[in-house]
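Here is a short report for a first look at this structure. Have the sequence and the 3D view at hand.

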Amino acid sequence: MSCSNCERPICTDCMVYTPVGIKCPDCARLPRSAIVRLKPDRVALALATAFGVGTAMGVGIVFLQGVGLFFALILGWLIGIGMGEAVLAASGRYRAPATGWIAVAGSIWAYAVPYLIYYGADVGAVARSANLVWVVIGAGIAGYVSYNRTQ
């Protein structure tokens with residue numbers, strides 16, 4: 001077998017599969033300028049966006065307390081979609097685990113804000129709350145959806 005770029009013979013152990021054919025290891029290396037990375041300024045912008053959008057969503061959740069299981073599941077799904085799209089837009093549409101975890105943190109923050117507003121730092125009051133189970137389920141759904149949305 002030979003390289004599709006330089007026509008050098010390649011052993012089957014050294015072949016590198018690329019979108020444009022089989023290449024030798026030398027031809028398959030990408031130049032440094034072609035490698036896409038998440039820049040620190042985009043990370044900061046994505047974190048700030050996740051915090052801001054999460055706070056806004058959390059304040060919105062305050063007005064929707066106690067509406068039931070079905071709505072909590074749909075709300076988690078909608079928050080996950082919104083957070084995923086907001087973080088993607090802030091990161092320049094960079095899709096990677098880093099942006100996924102930023103979106104998950106923003107989704108969890110969105111569910112933490114109502115409890116910070118209602119109870120402050122009283123962890124015992126949060127644990128005694130009747131809605132805690134649904135909040136955890138909703139935050140889990142939101143985190144899952146937002147992570148998958150950014151991949």
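## Terms and model

Buried means under 20% relative accessible area, exposed means over 50%, and partly exposed lies in between (1.4 Å probe, protein chains only). This is a predicted model, in which local features need pLDDT of at least 70, side-chain atom pairs count only at pLDDT 80 or more, and totals for chains, interfaces and linings use all residues. Residues are numbered from 1 along each chain as its sequence is written, and side-chain values use heavy atoms, with hydrogens and water left out.

## Ala89

Ala89 sits in helix 3. Helices here are DSSP runs (H or I, at least four residues), numbered from the N terminus. Ala89 counts as partly exposed because its relative accessible area is 46%. Ala46 lies 43 residues from Ala89 in sequence, yet their C-alpha atoms are 8.1 Å apart.

## The largest nonpolar core

A nonpolar core is a set of buried Ala, Val, Leu, Ile, Met, Phe, Trp, Tyr and Cys residues joined through side-chain atoms within 4.5 Å. The largest one has 17 residues. Ile79, Met83, Val87 and Tyr111 touch the most other members. Helix 2 (40–62), helix 3 (69–90), helix 4 (97–119) and helix 6 (132–149) each give two or more residues to this core.

Contact means heavy atoms within 4.5 Å. Beyond its neighbours within four places in sequence, Val87 contacts Ala46, Ala50, Thr99, Ile102 and Ala103.

## Helix 2 and helix 6

Buried residues of helix 2 include Ala46, Thr49, Ala50 and Gly54. In helix 6, Val135, Gly138 and Ala139 are among the buried residues.
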